[in-house]
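Hello,

Here is the structure for you to look over. My notes follow below it.

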Amino acid sequence: MTRRLLFATLAAAILACGLGARFVRAAQSAASDPQRDYNSGRYNRAVDALNSAIVKSPDDPSLQFLLGQSYYQLRDFTRSAAGLERAAQLAPKNSEIHDWLGKSYGRKAEESIFLSAMTWARKAHREFEIAVELDPQNFEAQRDLIRYEMNAPGLVSGGDDKALKHIDALEKIDPIQGQLARGEFFATKNKVPEADALFDKILDADAMRAGVYFEVADYYRERPNAQKMAQAIDKAARIDPDDRRLKFYKGVLLVMQGKNPIEAETLLRSYMTTVPDNSDVPPHSAAREWLGKLYESSGRFSEAAKEYSISLTLDPHNKTVQEDLKRVQKK
C-alpha cells in the first residue's frame, strides 16, 4: 500500500467515526452551567467554566469528560484527547468515555504525519474495542469500531473480516443496528445492489427510532433517490415531529426535488440558526453545501460560491465541495 493510499484510507475511517457521535449525557450538578453552554453550542464558554470547576474538583470524571467533548467540538483534538484521557483514568469502566477518546485519537491521526498517524490510529481502534467490551449495548461505540475496521487497512488494525465479525455480533444484539452497519458496509464497498436491498428492508421495517430513518435518508441522499429519501423523512417525522434534524433533511429533500426554493433556503438557514454545530447532528458544513447547490441550480453562482467556500472552511476535507466551488467559480 502506498503512503498516499494509507493516508486516504485512514482519513476515511477517522472521518466516518466522527460522523456518529451521540449527544452528551448530562454531567453531574457541578457542571450544570457548562452543560447548558455545551448543549447551546457555546463551547468556548463551556471550556472556561469547566477549567474553573476542575480546579476545585480535579478528580470529577464528568467534568473532564465534558471538557474533552467541548474541545472536540472546537476541533482542538490535542486538548480533547488530554481531557478524555484524564476522564478515562478517573472512570476506567465508562464505555462512553472510551468511545469519545477513540474519536479524539482518530482525529489526531488525521492531523498527523505518517508514522505518528498510524500510532494514533491504532490507539483509536483500541479505545473503540474497550468501549464495546465494557458495554456491548453502546451502539455508538459498536458503529465506530465497525466503521474504523471497514475503512482502515490491516496495518492499523482494520480489515473487512474484522468489521463483518463485529457486524454479525451487533446484529444479534440489535437487528436494526446490525442491518444499518451491514448496509453501510455494502455502500462503502460499492456493493450497490446489496446496499439497496438492505436499506429498502430497513425502510419498510417498523424501527420506532427516528435516528434509524435519518440514517436511511442519508443513504438515499447519496444514491440519490429523492422518493425513498422522502419516505424515510416521513417515517422519522411521524416518530418525532419535533426532532431538530428534520429542518435539515426536509431542506435537502426540497433541493434534490427542485421544489420550493424559498422554503428550502428557509429550512436550511433555520437549521443552522437553531441547531448548534455538533458531531451528533448533520454538520453546518453540509447545510452550507446544500445551500450552495440550491443557489447554483437557480443560476446564483456568486452566492453558491460563497456557501461552498464557507462549507470548505468548516470541512476542508470535502472533495465534492472543492469540485463544486471550482465549477461555479468558472461560471
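This is a predicted model: local features need pLDDT of at least 70, side-chain atom pairs count only at pLDDT 80 or more; totals for chains, interfaces and linings use all residues.

Start with helix α16, residues 284-297, and helix α17, residues 301-314. They pack at an angle of about 165°. Their axes are 8 Å apart. Angles over 145 degrees count as roughly antiparallel, so α16 is roughly antiparallel to α17. The crossing of α16 past α17 is left-handed.

Which residues of α16 make the contact? They are His284, Ser285, Arg288, Glu289, Leu291, Gly292, Lys293, Tyr295 and Glu296. From α17 come Phe301, Glu303, Ala304, Glu307, Tyr308, Ile310, Ser311 and Leu314. By kind, the residues of this contact are 7 nonpolar, 4 polar and 6 charged.

**Ile167**

Next, go to helix α9, residues 160-173, where you will find Ile167. Is Ile167 buried or exposed? Its relative accessible area is 0%. Buried means under 20%, so Ile167 is buried. Set aside the neighbours within four places in sequence, and Ile167 is in contact with Ile146, Gly178, Ala181, Arg182 and Phe185. Gln177 is 10 residues from Ile167 in sequence. In space, the two are 8.8 Å apart, C-alpha to C-alpha.

**Ser62**

Ser62 sits in helix α4, which covers residues 61-73. Ser62 has a relative accessible area of 14% and is therefore buried. The side chain of Ser62 makes a polar contact of 2.7 Å with the side chain of Asp60.

**Asp243**

Where does Asp243 lie? Look in the loop between α13 (226-239) and α14 (246-257). Asp243 is also buried, because its relative accessibility is 11%. A polar contact of 2.8 Å links the side chain of Asp243 to the side chain of Arg245. Leaving out neighbours within four places in sequence, Asp243 is in contact with Ala210 and Phe214.

**To take away**

For a quick tour, view the roughly antiparallel pair α16 and α17. Then find buried Ile167 in α9. Go on to Ser62 and its side-chain partner Asp60. Finish at Asp243 and its side-chain partner Arg245.

Best wishes

Methods: Residues are numbered from 1 along each chain as its sequence is written. Side-chain values use heavy atoms; hydrogens and water are left out. Axes are lines fitted to C-alpha atoms, for helices over the stretch in contact, and angles run from 0 to 180 degrees between N-to-C directions. Helices (H or I, at least four residues) and strands (E, at least two) are DSSP runs, numbered from the N terminus. Angles under 35 degrees count as roughly parallel, over 145 as roughly antiparallel, 65 to 115 as roughly perpendicular and the rest as oblique. A crossing is left-handed if the near helix is turned anticlockwise from the far one by less than a right angle, and right-handed if clockwise. Contact means heavy atoms within 4.5 Å. Ala, Val, Leu, Ile, Met, Phe, Trp, Tyr, Cys and Pro count as nonpolar, Asp, Glu, Lys and Arg as charged, and the others, Gly among them, as polar. Buried means under 20% relative accessible area, exposed over 50%, partly exposed in between (1.4 Å probe, protein chains only). A polar contact is a pair of N or O atoms within 3.5 Å; within protein, one must be able to donate a hydrogen and the other to accept it, and residues adjacent in sequence count only if both atoms are side-chain atoms.
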